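Here are some notes for a colleague who is opening this structure for the first time. Please keep the sequence and the 3D view at hand while reading.

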Amino acid sequence: MRKSLLLIAALTATPASALAQDYPNKPVRVITALSAGGTSDVFARALGEQFQKVTGQSMIIENRPGGGFNIAGQACGDAQPDGYTICLLPIETLAYNQFLFKKIAFDPKSFEPITNGFYVTAGLVVNSNLNVKSLADLAAASKVKPNTMSYMSPAVPLAYFMEVWKKESGADIVKVPYRGGADAANAIMGGSTPVAFSGMANFIPHVRSGGMTLLVVDTEARSPLFPDTPTLREVGYKGPLTPAWFGYVAPKGTPKAAIDKLHQVIVGIASDKAFVERAMTNLGLIPIFNTPEQFAAFLRENTQLAERIVKESGLEPQ
């Protein structure tokens, strides 16, 4: 009888238990929603280097920009839930887009949360050749040549601020599509789109060198990187604003053993002070790295807030 029970136990052992023993035993693909050089791409590659040192396996970064960040969401939803594809996705993909689009090809509520990685300090930056030092200066500059100035912003709360500010100031500036931080930096420096309100990671070197001017940041407190720059609240903005963030999720059905191991390794890497300083603080990123359960609760709260902000903004689903 005992041999029979042992045989039954062996035959019915779950794949998850086997997975837990040797996972990962091959490279892990990481889908990101921004182009190469964007905030999530830069961070994902930095974490991937440490991931390989810890596990012996590489992280292969797959950039899927475009479509209002829906292309990456669909790629994540369509991926095999075997633990070897995970996704580093922004607040737009996981919270906002379900209210901004009439139809999207994935269910953001179905993803398996791993950990919410970080908040992104966003800054309103301009090409320094505009010679503006404040929002009032920018509004004035935009009126000199009507219908010629444009700006970029990936996040609904930031774009909503820009539109409110335009109405209040009379600024003549139009929003154009955003693909990623590296592309935005090139467009600002080249002058084709001289204004952006986005994550600061790609702008920091240009602000420090004088090529860009930072007018305001979206955090509650001033950024330690640029302590002389005011926050949105300091310049009098009282409207809805949620900080942008990026979180690690996996396709629906990914084994819990893989989720737990990924969480353990990623959070372990992010607990190293030297890594945080190099790969996060210096890029204007604020660590979160919560548990899968905490991230799930965070997603529910942010989804409710996103629905309210979209309604208050008057945006109609496209």
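1. Start at the end of helix α7. Gly170 follows α7 and has a positive phi, near 80 degrees. Keep in mind that this is a predicted model.

2. Now look at α7 itself. The helix covers residues 156-169, 14 residues in total. From its first C-alpha to its last it reaches 20 Å, close to the 20 Å expected at 1.5 Å a residue. Is α7 enclosed or open? It is largely enclosed by the rest of the structure, because 10 of its 14 residues are buried. Among the buried residues are Val156, Pro157, Leu158 and Ala159. Tyr160, Phe161, Met162, Val164, Trp165 and Lys166 of α7 are buried too.

3. Next, the nonpolar cores. The largest one has 79 residues. Phe43, Ile86, Leu89, Tyr96, Phe203 and Tyr248 have the most contacts inside it. Its largest share, seven residues, comes from α10. A second, separate core has 26 residues, including Leu135, Ala159, Ile173 and Leu215. In soluble globular proteins, nonpolar side chains tend to be buried together.

4. Which residues of α10 are buried? They are Ala258, Ile259, Leu262, His263, Val265, Ile266, Ile269 and Ala270.

5. Then turn to a helix pair. Two packed helices are described by the angle between their axes and the distance between the axes. For α5 (residues 91-100) and α12 (residues 292-313), the axes come within 9 Å and cross at roughly 40 degrees. The crossing is right-handed. On the α5 side, Ile91, Leu94, Ala95, Tyr96, Gln98, Phe99 and Leu100 make the contact. On the α12 side, the contact residues include Phe295, Leu299, Asn302 and Thr303. Ala306, Glu307, Ile309 and Val310 of α12 also take part.

6. Leaving out residues up to four places away in sequence, Tyr96 touches Ile91, Val156, Pro157, Thr242, Ala306, Ile309 and Val310. Val156 and Pro157 are buried residues of α7. Ala306, Ile309 and Val310 belong to α12.

7. Check Thr32 in strand β1 (residues 28-32). Thr32 counts as buried because its relative accessible area is 0%, and buried means under 20%. Residues up to four places away in sequence aside, Thr32 touches Ser40, Ala44, Ile61, Glu62, Asn63, Arg64, Ala72 and Leu88. Thr32 and Pro292 are 260 residues apart in sequence. In space, their C-alpha atoms are 19 Å apart.

8. Two loop residues are worth a stop. Thr219 sits in the loop between β9 (212-217) and β10 (244-250). Buried or exposed? Thr219 counts as buried, at 16% relative accessibility. A polar atom of the Thr219 side chain lies 2.6 Å from the backbone oxygen of Ala221. Not counting residues up to four places away in sequence, Thr219 touches Thr121, Thr231 and Ile286.

9. The other loop residue is Gln57, placed between α3 (39-55) and β2 (59-63). Gln57 is buried, with a relative accessible area of 17%. Its contacts, leaving aside neighbours within four places in sequence, are Pro24, Asn25, Lys26, Pro27, Phe51 and Gln52.

Terms used
Residues numbered from 1 in each chain as written. Predicted model: local features only at pLDDT ≥ 70, side-chain atom pairs only at ≥ 80, totals over all residues. Heavy atoms only, no water. Buried < 20%, exposed > 50% of the residue type's maximum accessible area, 1.4 Å probe, protein only. Helix = DSSP H or I, 4+ residues; strand = E, 2+ residues; numbered from the N terminus. Polar contact = N/O pair within 3.5 Å; in protein donor to acceptor, adjacent residues only side chain to side chain. Contact = heavy atoms within 4.5 Å. Core = buried A, V, L, I, M, F, W, Y, C linked by side-chain atoms within 4.5 Å. Axes fitted to C-alpha atoms, helices over the stretch in contact; angles between N-to-C directions. Left-handed = near helix turned anticlockwise from the far one by under 90°. Expected span 1.5 Å × (residues − 1).
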